[in-house]
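Have the structure open while you read.

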Amino acid sequence: MNEAGDWTDRAFVLAEVSRDPMSLEHASPALQDDREVVLKAVEQNGFVIAYASDALRDDKALAMVAVGNYGQALSSVSEALAGDKEVVLKAISNYSLALVSVSEALQGDKEVVLKAVEKDAAAFQWASEALQGDAEVLGAAALSGLQDNALFLRRQAEDDDLRESFESGFKRCRDESDELRATTKRLKTELAHANSRVATAEARATEADARARWHQMKQAAVLGVLFAYGYVSTLL
């Protein structure tokens, strides 16, 4: 980077960001607000949208380019674009933990959350409270975490006994995840039936019981996700 150059000169800055997109940081405010200059830099490294003007960080087309090659850039775009589903899905497609930077509304969007947790179970922590109790989301997060452990442990396993123990643990976690989905579906059905008969004392009692069991299952499910991260590794 030529620090001695004229950072107010458009031709000079265009040449510099073509060589080193990070040099956008040194461009004059006017050129950080120049769409062509910013696009040239962002196309090479989405991170540098952080150095663009407020107006250009609110430019959806630029944001799509930035998060398309650097998902973490979602944290640098405007608040409005962090709540734009198309931009968010693009970011998550190459960096699932970008879920931390999205709007509260999209942290409660099942399609968005599923895409994130299917890539990395760690994204589960930024899902809305409601989706943390959703059977499909829980199952996807548990399986994703399990697969991450599986890849690691398969590479570490050096003997048949260890592999056998690992496969047994993997099957147990997967079976528990399937059972959780089935049980949660049944409890939701019970709640629906209870709601339709809520006028009677018997229905109210049934509903209370079903809700209590639902909350118990939700707590167990969260523990299940944590179990999926660490269970197999304890076999070593």
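## Lys 85 and Asp 109

Asp 109 is buried, at a relative accessible area of 18% (buried is under 20% relative accessible area, exposed is over 50%, and partly exposed is in between, with a 1.4 Å probe and protein chains only). Its salt-bridge partner is Lys 85, with 3.2 Å from N to O; a salt bridge here needs a side-chain nitrogen of Lys or Arg within 4 Å of a carboxyl oxygen of Asp or Glu. Lys 85 is partly exposed, at 30% relative accessibility. The pair links distant parts of the chain, 24 residues apart: Lys 85 belongs to helix α6 (residues 85-94), while Asp 109 sits in the loop between α7 (104-107) and α8 (110-119). Helices are DSSP runs of H or I with at least four residues, strands are runs of E with at least two, and both are numbered from the N terminus.

A word on the ground rules: this is a predicted model, where local features need pLDDT of at least 70 and side-chain atom pairs count only at pLDDT 80 or more, while totals for chains, interfaces and linings use all residues. Residues are numbered from 1 along each chain as its sequence is written, and side-chain values use heavy atoms, with hydrogens and water left out.

## Other salt bridges

How many salt bridges does the structure hold? The count is eleven. One of them pairs the side chains of Arg 10 and Asp 34 at 2.7 Å, N to O. Arg 10 lies in helix α1 (residues 10-19) and Asp 34 in the loop between α2 (29-32) and α3 (35-42), so this bridge ties together parts that are 24 residues apart in sequence. Asp 34 is buried at 16% relative accessibility, whereas Arg 10 is partly exposed at 34%.

Glu 16 and Arg 19 make another salt bridge, at 2.3 Å from N to O. These two are three residues apart in helix α1, which means about one helical turn separates them.

## α6 against α8

Back to the helix that carries Lys 85. The axes of α6 and α8 come within 9 Å and cross at roughly 5 degrees. That makes α6 roughly parallel to α8. For the geometry, axes are lines fitted to C-alpha atoms, for helices over the stretch in contact, and angles run from 0 to 180 degrees between N-to-C directions. Angles under 35 degrees count as roughly parallel, over 145 as roughly antiparallel, 65 to 115 as roughly perpendicular and the rest as oblique.

Which residues meet here? From α6 come Lys 85, Val 88, Leu 89, Ile 92, Ser 93 and Asn 94, and from α8 come Glu 111, Val 112, Lys 115, Ala 116 and Lys 119 (contact means heavy atoms within 4.5 Å). By type, the residues of this contact split into five nonpolar, two polar and four charged. Ala, Val, Leu, Ile, Met, Phe, Trp, Tyr, Cys and Pro count as nonpolar, Asp, Glu, Lys and Arg as charged, and the others, Gly among them, as polar.

## α3 against α5

For α3 and helix α5 (residues 60-69), the axes come within 10 Å and cross at roughly 15 degrees. These two helices are therefore roughly parallel to each other. On the α3 side, the contact involves Arg 35, Val 38, Leu 39 and Val 42; on the α5 side, Ala 61, Leu 62, Val 65, Ala 66 and Asn 69. That contact divides into seven nonpolar residues, one polar and one charged.

## Two loop serines

Ser 78 is in the loop between α5 and α6 and is buried, with a relative accessible area of 12%. Leaving aside neighbours within four places in sequence, Ser 78 is in contact with Arg 57 and Asp 58.

Ser 103 is in the loop between α6 and α7 and is partly exposed, at 23%. Ser 103 and Ala 82 are 21 residues apart in sequence, yet 5.9 Å apart in space, C-alpha to C-alpha. Again leaving aside neighbours within four places, Ser 103 is in contact with Ala 82 and Gly 83.

## The whole chain

The chain has twelve helices and zero strands. Of its 236 residues, 43% are buried. Among contacts between residues at least 6 apart in sequence, 45% join residues at least 24 apart.
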